[in-house]
Amino acid sequence: MSKGTKVPGYMQGKGSRNPRGIIGDREIRYKCSLQNTILDVLRGRPGWQEVPGQQSTGQQQANTGKSGSGSTTQGTTSGYKGSDGDWDFYWCDREWLAQNYDTMFLYEHQKILHFRNHYELTRKNLMVKNLKRLKKQTERELGKAEGQSFEFFPTTYELPSEYHIFVEEFKKNPGIIWIMKPAARAQGRGIFLFRRLKDITDWKKGEYQPLSDPNREVPETYVVQRYIENPYLIGGRKFDVRVYVLVVSYNPLKVWLYRSGFARFSNTRFSLDSIEDTYVHLTNVAIQKNAPDYDPDKGCKWSTQQLRKYLSAKHGVEAVKKAFKGIDNIIIKSLQSVQKIIINDKHCFEMYGYDVLFDSDLKPWLIEINASPSLTASGKEDYDLKFGLLNDLLNVLDLENRLTGKEKRVGGWDLLWEDGPILADDGNMECAPNGTTASIPNSFLGCHNERKRQLRELYTAAQSIKKS
Ligand code: ADP
């Protein structure tokens, strides 16, 4: 890999870069694989210019050196003569990155979505494997008590490789419910719940055996996981919470947490009587929108602000603070579990969608982590959330070089971790109980998100710091 290697021609005389590798005084050229909110955001961003050409075919050339100097694709609306690889910012899909990353040249300033081996965290089996490893290491080095801070993912086994260990565990806990999930699928596909071992023997013979699918040479990998039987219910319904997390570097680990997100409710009242009913047990929008009584106008979402307010009114601010602190712990521990494995590259960033489920004691559980959380909006409110989220992500990355680089908050993103925990500045005590004076973490999930006002103030302050 030759990241940062100079390709003659490209970038020369086409604008300047400052020492941080940020573009100074010219348009920013972007590419985008998706046709949803992110494209709207990019198109609406002043000074940003779309690089024309095929998007997301997996066959385009990156800055491979073959395309770097001798531009083949001609002309843009801005008069810039560029090649397919002449972008500054690329919101690519995971497949594109997998196909092109190993042969790409990237210039100092170029930014691209996804880390090369993001699947270490986003495949259900690998996520658990990595978490179990860090938990063990922590117990070894710091003691059993410290290991308890990892008790946020339900007992999980990979199938078929850990089938026998699973059976032993199953026998120790008769009567409990388990959930079976394909390791690499999404949107609730292929998931089912079961209580008896007998329920999976037929499945075991058929579903994931090689012969059931002539194209599959090895059995599909599944995880079997303890089902959380006591989810926190609102109006009798189960929900999970989507939390957005931005990682701009794994070494040092630098993590931002977005204030806004949403809770996704199931459409049907929760009950353990009908464990085969996916509308009761799976909160994925993709599943719920097919429920017979689904109302697309009402949807089944609450904003995280609404959720926090509801929970605070019911249980008090302190209890909710503790519960949300548990989410911070989930985020940091999960990222640390892959910190040494992820191929860190200063050009890469990742916006994760964490799925978290509260149980009836308000304890948060990690269900899964997505590297391509849905950016397609399900309504006006959802669109506004995603539009602000993505615009603020670009504000954090700051290709325009408008910030000082020392910010702890940019729009709705709060800096949660930079090689260690970040504490909130005085005066930024939202969601803290009245009278709090002690230092609190710079974490404001579900707190007020007046992002536009904050950005105005931020840019004014950054400008005067830079001038002086
Ligand atoms: P997918 O990638 O297919 O969305 P998830 O792991 O996110 O798979 O599971 C889908 C849904 O199933 C979750 O949103 C949640 O509502 C429910 N679910 C998954 N695992 C559990 C579990 N261990 N306990 C309770 N509910 C779960």
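Modeller: Let's start with Asp-398, which sits in the loop between helix 12 and strand 16 (409-410). Bear in mind that this is a predicted model. Asp-398 isn't a glycine, yet its phi is positive, at about 55°. That's worth a second look, because most residues other than glycine have a negative phi. Asp-398 counts as buried, because its relative accessibility is 3%, and the cut-off for buried is under 20%.

Now step back into the helix itself. Helix 12 covers residues 380-397, so 18 residues, and spans 26 Å from its first C-alpha to its last, close to the 26 Å expected at 1.5 Å a residue. Helix 12 is mostly covered too, with 13 of its 18 residues buried. The positive phi of Asp-398 comes just after that helix.

But Asp-419 is exposed, with a relative accessible area of 60%.

One runs from Leu-159 to Pro-160, with omega near 5°, and Pro-160 belongs to the loop between strand 5 (156-159) and helix 6 (163-172). Another runs from Asn-251 to Pro-252, with omega near 0°; Pro-252 is in the loop between strand 10 (237-250) and strand 11 (253-258).

Next, a histidine. His-114 is in the loop between strand 4 (111-113) and helix 3, and His-114 is buried, at a relative accessible area of 1%. The His-114 side chain makes a polar contact with the side chain of Glu-350 at 2.4 Å, and the His-114 side chain also reaches the backbone oxygen of Cys-92 at 3.3 Å. Leaving out residues up to four places away in sequence, His-114 touches several others, including Asp-93, Arg-94, Leu-97, Phe-349 and Ser-372.

Ser-372 brings us to the open space. The largest pocket holds about 1100 Å³. Of its 43 lining residues, Ala-186, Gln-187, Ser-372, Pro-373 and Ser-374 are the closest to the centre. Elements that each supply at least two lining residues include helix 2 (94-100), helix 3 (119-122) and strand 14 (348-358), while strand 15 gives the largest share, three residues. By class, the pocket lining has 18 nonpolar, 11 polar and 14 charged residues.

The largest cavity has 26 lining residues, with Ile-179, Lys-181, Ile-191, Leu-282 and Ile-367 nearest its centre. Strand 6 (178-182), strand 8 (222-226), strand 10, strand 14 and strand 15 each give two or more residues to that lining, and strand 6 has the largest share, three residues. The cavity lining divides into 10 nonpolar, six polar and 10 charged residues.

Technical notes: Residues numbered from 1 in each chain as written. Predicted model: local features only at pLDDT ≥ 70, side-chain atom pairs only at ≥ 80, totals over all residues. Heavy atoms only, no water. 1 Å grid on protein atoms, 1.4 Å probe; cavity = no way out; pocket = protein on both sides within 12 Å on 5 of 7 lines; lining within 4 Å. Points joined across faces, edges and corners; volume = space filled by probe spheres on them. Helix = DSSP H or I, 4+ residues; strand = E, 2+ residues; numbered from the N terminus. Nonpolar A, V, L, I, M, F, W, Y, C, P; charged D, E, K, R; others polar. Buried < 20%, exposed > 50% of the residue type's maximum accessible area, 1.4 Å probe, protein only. Polar contact = N/O pair within 3.5 Å; in protein donor to acceptor, adjacent residues only side chain to side chain. Contact = heavy atoms within 4.5 Å.
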